Amino acid sequence: MPILEVERVSHWFGGLQALKDVSLYADREILGLIGPNGAGKTTLFNIISGFLTPTHGKVIYLGKPVQHLPPHQIVRLGIARTFQIVKPFANLTVEENVLAGIGMPYYAQFRGLVAPYRTTANVHTASHLLELTDLQNYRNAPANRLPIGIQRRVEIARALAIKPKLLLLDEPAAGLVAKETLELANLIKNLHQQGINIILIEHNMRFAMSLCQRIVVLAQGEIIAQGQPIEIQANEKVINAYLGQE
Amino acid sequence: MSTGYLLTIFTFIAIYISLALSLNILVGFAGQISLGQAAFFGIGAYTSAVLAIRYSLPFTIDFISAILITGFVGLFLGLPSLRVRHDFLVLATMGINFVVISVFKYVDFFGGAMGLVNIPAPVLFGISFRGGVPYFILSSIYALLTLGLCWYISKTWSGLAFQTIRSDEDAAASVGVSSARYKIYAFGISAAIAGGAGSLYAHFIGSVFPDTFAFVESIAILSMVIFGGVGTLRGPIIGAIILRLTPELLRFISDYRFTLYGALLVLMMLFQPMGILGNGSWLWQKLHPNNRDVANTPQMEVK
Amino acid sequence: MDFAQNLSNAIILGCTYLLMAAGLTMVYGVLKVLHIAHASVYTIGAFVGVLVYSWVGNFWLSLLIAMIFSGVFGILIYRFSYYYLLDVPRTVPLIASIGLFVMLTDLLQKPFLMGPYQRAFPAGGAGLPRIDTPWFSITSKQLLIFSVTIVLMVLVYLLLTRTRIGLGWQAASLDREMAAAVGINLNRIIALNFFIGSALAGAAGVLVGIYNNSVFATMGDLPSYKAFIIIVLGGMGSLPGAILASLLLAIVENFLVASIGYVLPRDSIAFLVLILMLMFRPHGLLGQE
């Protein structure tokens with residue numbers, strides 16, 4: 001059984017159909033979700049992570065339908081995400097951003113109201129995540145004063161802090177310089193090896209092709225192709241969809 | 001100035017420190033701007049007054065009931081915050097303030113426009129706390145307890161959860177924070193503290209009138225929080241002290257004290273928008289030249 | 001008979017709400033600031049109006065001078081406060097506005113200005129006739145309010161839709177930064193915005209002063225809170241919304257007071273409407289999510 005199945009999902013914004021009958025699955029892999037602007041990739045992410053309820057269709061996670069759950073409940077099931085337009089907690093330090101993620105199990109409980117968050121164990125976990133994402137030098141920096149590449153890593157560290165089984169990355173390489181992109185690719189591979197399943201939206205084709213084991217292509221709200229990177233690169237529909245946009 | 005007069009001012013300052021700290025939980029911690037805090041202040045005062053006058057209950061019960069009932073009403077009156085944000089919330093809370101006051105004014109049970117008078121002085125451990133030093137100590141203890149509670153909240157997961165919804169509700173949801181739940185918590189806690197302050201006020205003055213808790217009072221409380229430095233613990237305290245003292249200190253030009261009070265607010269916002277002791281303010285940076293605590297600086301952005 | 005009379009009274013009340021709310025919604029549209037000090041502009045308008053009237057005895061001249069004075073005063077408020085507070089957290093201009101309001105209200109109560117008492121404003125109906133129909137009557141004062149409101153609103157409408165600066169205003173209220181990027185002179189637009197909005201508030205002050213034959217330093221408080229309710233109902237920053245909401249609020253108030261009497265005072269009804277509105281249609285009567 002795949003970890004995540006999207007079953008015939010359609011979504012309308014007013015009179016505009018953003019997704020048409022989209023079905024896909026994600027398994028123990030790095031799955032790439034690519035497509036031209038306005039293809040509906042972020043809409044699909046918003047549906048999987050609970051920020052939107054699909055007009056039609058189901059999202060099945062570990063065998064259970066989850067499409068009606070709000071985002072803060074989805075995340076408790078182990079689906080974490082980052083945002084295309086970065087949203088670190090701007091009024092907190094990098095370390096506090098990660099701690100905020102570590103708190104995920106507490107927020108819905110009464111002891112969340114009374115238990116202090118900065119315990120030795122939590123600070124230790126946070127340090128570990130900061131090292132993993134190479135952020136240890138920024139621990140006490142306010143998150144809103146950092147370059148975009150680092151803010152993206154803060155979001156990844158925060159998402160990892162909830163101990164996800166499935167990680168949704170929305171254009172993690174956008175705005176990064178070449179060196180950062182390479183480091184990001186290594187980080188994603190590393191996370192995958194640690195058993196985290198990843199779906200990533202990507203605009204940078206080369207980045208997606210080199211990193212993903214399987215790719216799903218969306219265009220105008222529909223899946224037009226899926227398969228291994230090599231197949232996708234040769235697919236005429238895909239080439240047309242991208243050329244048509246230019 | 002007589003000692004009695006000074007003690008009255010200091011007692012008021014202690015009560016307003018609690019009020020400013022209570023509003024700071026909403027505005028500074030959870031980012032929910034409210035212009036209705038005086039309504040909670042008033043609900044606490046009226047709860048206490050009604051219980052003391054109509055049911056002759058002792059101070060301890062009045063006081064605890066005021067905290068609990070106001071907290072409960074706060075949970076309920078916080079509901080608009082789930083639907084509206086920013087300026088709309090400011091206006092909704094302002095509306096709540098007007099409606100609450102008109103209930104006090106037009107329902108006979110609450111004494112109408114004549115208010116409720118002859119609220120007995122509190123008796124604790126057999127000691128009567130009518131005015132003077134004992135009452136000042138009583139209200140100072142309450143202000144200290146409030147400060148302790150605010151400090152403790154800022155160290156807990158709920159304190160962190162408040163910070164996340166203040167920053168970005170979507171990002172907060174992405175780490176499992178239900179912004180609805182925490183906004184309601186913030187309103188409940190904030191209202192409960194303000195309710196306790198109201199009870200202390202009612203027993204101190206001995207009478208309550210609807211207009212004491214009108215919209216202008218909400219304005220005054222919010223001004224204290226912003227003037228001192230929103231989001232910090234020291235800010236609302238210094239804000240309450242300065243803004244309560246200013247009109248008193250300016251008595252020698254008594255005719256113009258509110259003109260100057262208003263001008264002070266305007267000048268402060270023009271030159272020190274972070275408040276007098278807020279993070280990033282001139283004075284706080286002078287006092288803490290090496291402080292890297294810039295993270296809590298409210299964001300300079302327009303949404 | 002009652003119905004028609006109530007309706008006509010409500011429309012007159014709605015006109016005074018509208019003049020007040022129009023300026024507020026224009027300011028909110030461009031600056032996104034809750035301009036609480038607008039109340040002071042209204043009072044100043046009424047004060048200047050009554051002063052000029054006592055010297056020259058001509059209503060139209062006093063209305064004109066009151067409007068110009070209020071308009072200039074509005075520009076000064078902008079230039080010396082909000083101008084510096086456009087890119088800071090929104091609590092900052094809010095508190096500044098509150099400070100201005102406190103300061104101006106206190107100043108106005110000083111003996112060399114208005115003093116703590118009420119002044120009469122005996123301009124009557126400025127010579128306009130009284131209208132009597134079998135169903136309702138309109139007093140000459142009411143006719144004055146109605147006609148001045150209509151003329152002013154038509155002028156504002158023409159200005160906003162038929163002139164370059166009006167189109168610039170519309171662009172700026174949609175997106176201030178974008179408007180600046182395409183070369184619209186924001187400072188001029190905002191200044192004009194304050195001038196017109198404040199002049200309308202001044203006119204409202206004069207008209208209400210005449211209607212109640214009374215002008216006093218705190219007369220602006222309640223109308224300004226009402227105006228906030230109206231701009232919420234109308235969808236913040238929308239002028240057509242404000243027109244609709246002004247009339248609607250006045251009608252609801254009048255008919256509720258007429259039918260259920262004084263269970264709650266008129267003004268709490270308005271605030272209850274506000275809260276319900278925010279709960280169920282937070283983007284206003286005409287607004288969309």
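User: Before we get to the helices, how are axes and angles defined here?
Analyst: Axes are lines fitted to C-alpha atoms, for helices over the stretch in contact, and angles run from 0 to 180 degrees between N-to-C directions. Please keep in mind that this is a predicted model.

User: OK, then at what angle do α1 and α9 of chain B cross?
Analyst: Helix α1 (residues 3–29) of chain B and helix α9 (residues 179–205) of chain B cross at roughly 170°, and their axes come within 9 Å. Since angles over 145 degrees count as roughly antiparallel, α1(B) and α9(B) are therefore roughly antiparallel to each other.

User: And which hand does that crossing have, left or right?
Analyst: The crossing of α1(B) past α9(B) is left-handed.

User: Which residues meet there?
Analyst: On the α1(B) side they include B:T11, B:I15, B:L19, B:L26 and B:F29, while the residues they meet in α9(B) include B:F187, B:I193, B:G196, B:L200 and B:F204. Sorted by class, this contact of α1(B) with α9(B) has 16 nonpolar and 5 polar residues, with no charged residues.

User: Switching to chain A: how do α3 and α5 pack?
Analyst: Helix α3 (residues 94–102) of chain A packs against helix α5 (residues 120–132) of chain A at an angle of about 115°, with the axes 9 Å apart. That makes α3(A) roughly perpendicular to α5(A), and α3(A) passes α5(A) in a right-handed crossing.

User: What meets what in that pair?
Analyst: A:E95, A:V98, A:L99 and A:I102 from α3(A) meet A:N122, A:T125, A:A126, A:L129 and A:L130 from α5(A). By class, the contact has 6 nonpolar, 2 polar and 1 charged residues.

User: Now the chains. Which pair has the most contacts?
Analyst: Of the 2 pairs of chains that touch, chains B and C have the most contacts, with 35 residues of chain C in contact with 34 residues of chain B.

User: Which element of chain C gives the most to that side?
Analyst: That is α4(C), which gives 12 residues to the side of chain C that touches chain B. By class, this side of chain C has 26 nonpolar, 4 polar and 5 charged residues.

User: What about chains A and C, how far apart are their closest C-alpha atoms?
Analyst: No contact joins chain A and chain C, and their closest C-alpha atoms lie 11 Å apart.

User: Last one: how many residues are in the largest nonpolar core?
Analyst: The largest nonpolar core has 284 residues, and those with the most contacts inside it are C:A203, C:I229 and C:V232. Helix α1 (residues 2–31) of chain C supplies the largest share of this core, namely 16 residues.

Conventions: Residues are numbered from 1 along each chain as its sequence is written. Chains are lettered from A and ligands numbered from 1 in the order in which they are written. This is a predicted model: local features need pLDDT of at least 70, side-chain atom pairs count only at pLDDT 80 or more; totals for chains, interfaces and linings use all residues. Helices (H or I, at least four residues) and strands (E, at least two) are DSSP runs, numbered from the N terminus. Angles under 35 degrees count as roughly parallel, over 145 as roughly antiparallel, 65 to 115 as roughly perpendicular and the rest as oblique. A crossing is left-handed if the near helix is turned anticlockwise from the far one by less than a right angle, and right-handed if clockwise. Two residues are in contact if their C-beta atoms, placed from the backbone, lie within 7 Å. Ala, Val, Leu, Ile, Met, Phe, Trp, Tyr, Cys and Pro count as nonpolar, Asp, Glu, Lys and Arg as charged, and the others, Gly among them, as polar. A nonpolar core is a set of buried Ala, Val, Leu, Ile, Met, Phe, Trp, Tyr and Cys residues joined through C-beta atoms within 7 Å. A residue is buried if 20 or more other C-beta atoms lie within 10 Å of its own, exposed if 12 or fewer, and partly exposed in between; C-beta atoms are placed from the backbone.
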